[in-house]
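The stops below are meant to be followed in order.

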Amino acid sequence: MKTYEKLDELPSGRASEHITEGCAVLEGGAWRGLYTLGVIDRLMEKDINLQSVIGVSAGALCGMNYVSGQIGRAARINLSHRHDRNYVGIGALRRDRGVTGFSYLFHELNEEYPFDEERFFDQSRRFAAVATDIESGEAEVFEKDDREAIYAAVQASATVPYVSLPVEIRGKKYLDGGLAVRIPVDWALHEGYQKILVVRTRDRNYRKTVHRPLHITDLEYRQYPNLKFDLEEQAARYNVLIEHLNMLEQSGRIFVIAPSRPVTIRRFEGDMNALADIYWLGYQDALDHLEELKEYLEG
């Protein structure tokens, strides 16, 4: 099994109990989520543990480890089990009907890398994951207070369309939260947070190319017109969202950490060194912006 050869160099340990007022908004992006893991691991090392966290897709998975305060845990899993077919491959397809083995992650891998549920569910911090209701096409926010649904919600949030079946929660079906909203900054604003950190997984100059609708979208989701609309319009809506983020950042309302160079890995990247490079990029970018971030949070 291919693993990152320098796993022992990844940071480890537990975040302090210190809580910083504010909300972290974590973008998704499949394996680009390793960038986010680099950022949050560095933040935890520097005692920046934001009170509230909301994540989409891979951002939701990252956010769980941020709230549980486990430095390096998620990076070790991803950089050692990327080529484990039970995590990404045929085993995942058999058990979870999708490209990611969430059952394996939440059970077998949890035995090897225990997840601190006690700290995660502690009421001192808030955690939310965004999933897309395939009937309405709308984003639905699930919070960790709903213990019966939160793991399924995180799974749904990171469930890739076309190649995965929807996740059912209380009789409703959900897919990737990013289909409805890529970066849920408006949720943080609506909830009244005065300090908002947005961690992006694309560089600031990145914009999506708007293409004609794919024929497969009509074939696969014809019975879900609202979801089909999400899929067809997601590129254009993403570009509008980025302009919205830019205005909020320029006004000083939010603080953004984004990759300092383009992230060019493939959606299903298998090169372990390339994946590790993305992690270390996030780790370094967080350090480079640390003093500015502290000034923003304390202002």
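**First stop: a pocket**

Begin with the second largest pocket, whose volume is about 290 Å³. A pocket is defined on a 1 Å grid over the protein atoms alone, as an open set of points where a 1.4 Å probe fits, with protein on both sides within 12 Å along at least five of seven lines; lining residues have an atom within 4 Å of a point. Grid points are joined across faces, edges and corners, and the volume is the space filled by probe spheres set on the points.

This is a predicted model, in which local features need pLDDT of at least 70 and side-chain atom pairs count only at pLDDT 80 or more, while totals for chains, interfaces and linings use all residues. Residues are numbered from 1 along each chain as its sequence is written, and side-chain values use heavy atoms, with hydrogens and water left out.

Select the lining next: 18 residues line the second largest pocket, and Ala 180, Val 181, Arg 182, Ile 183 and Pro 184 lie nearest its centre. The elements that give two or more residues to this lining are β6 (139-143), α9 and α11 (225-250). Of these, α11 gives the most, with 5 residues. Helices (H or I, at least four residues) and strands (E, at least two) are DSSP runs, numbered from the N terminus.

**Second stop: Ile 183**

Now select Ile 183, in the loop between β8 (172-176) and α9 (185-190). Is Ile 183 buried or exposed? Ile 183 counts as buried because its relative accessibility is 1%; buried means under 20% relative accessible area, exposed over 50%, and partly exposed in between (1.4 Å probe, protein chains only). Display its contacts (heavy atoms within 4.5 Å): not counting residues up to four places away in sequence, Ile 183 touches Val 25, Glu 27, Val 198, Arg 200, Leu 241, Ile 242 and Leu 245. Then select Gly 59, which is 124 residues from Ile 183 along the chain, with 9.4 Å between their C-alpha atoms.

Select Val 198. Together with Tyr 66, Phe 127 and Ile 196, Val 198 touches the most other members of the largest nonpolar core, which has 91 residues. Helix α12 (residues 272-288) gives the most to this core, with 8 residues. A nonpolar core is a set of buried Ala, Val, Leu, Ile, Met, Phe, Trp, Tyr and Cys residues joined through side-chain atoms within 4.5 Å. In soluble globular proteins, nonpolar side chains tend to be buried together.

Select strand β2 (residues 20-26), in which 6 of the 7 residues are buried. β2 pairs in the parallel sense with strand β9 (residues 196-199) over 4 bridges, and Val 25 stands opposite Val 198 in β9. Two strands pair if DSSP finds at least two bridges between them.

Facing residues here include Thr 20 opposite Leu 50 in β3 and Leu 26 opposite Gly 55 in β3.

Why is β3 largely enclosed by the rest of the structure? The reason is that 6 of its 7 residues are buried. Finally, select strand β5 (residues 126-133), which runs parallel to β3 and is joined to β3 by 5 bridges; Ser 52 stands opposite Arg 126 in β5.
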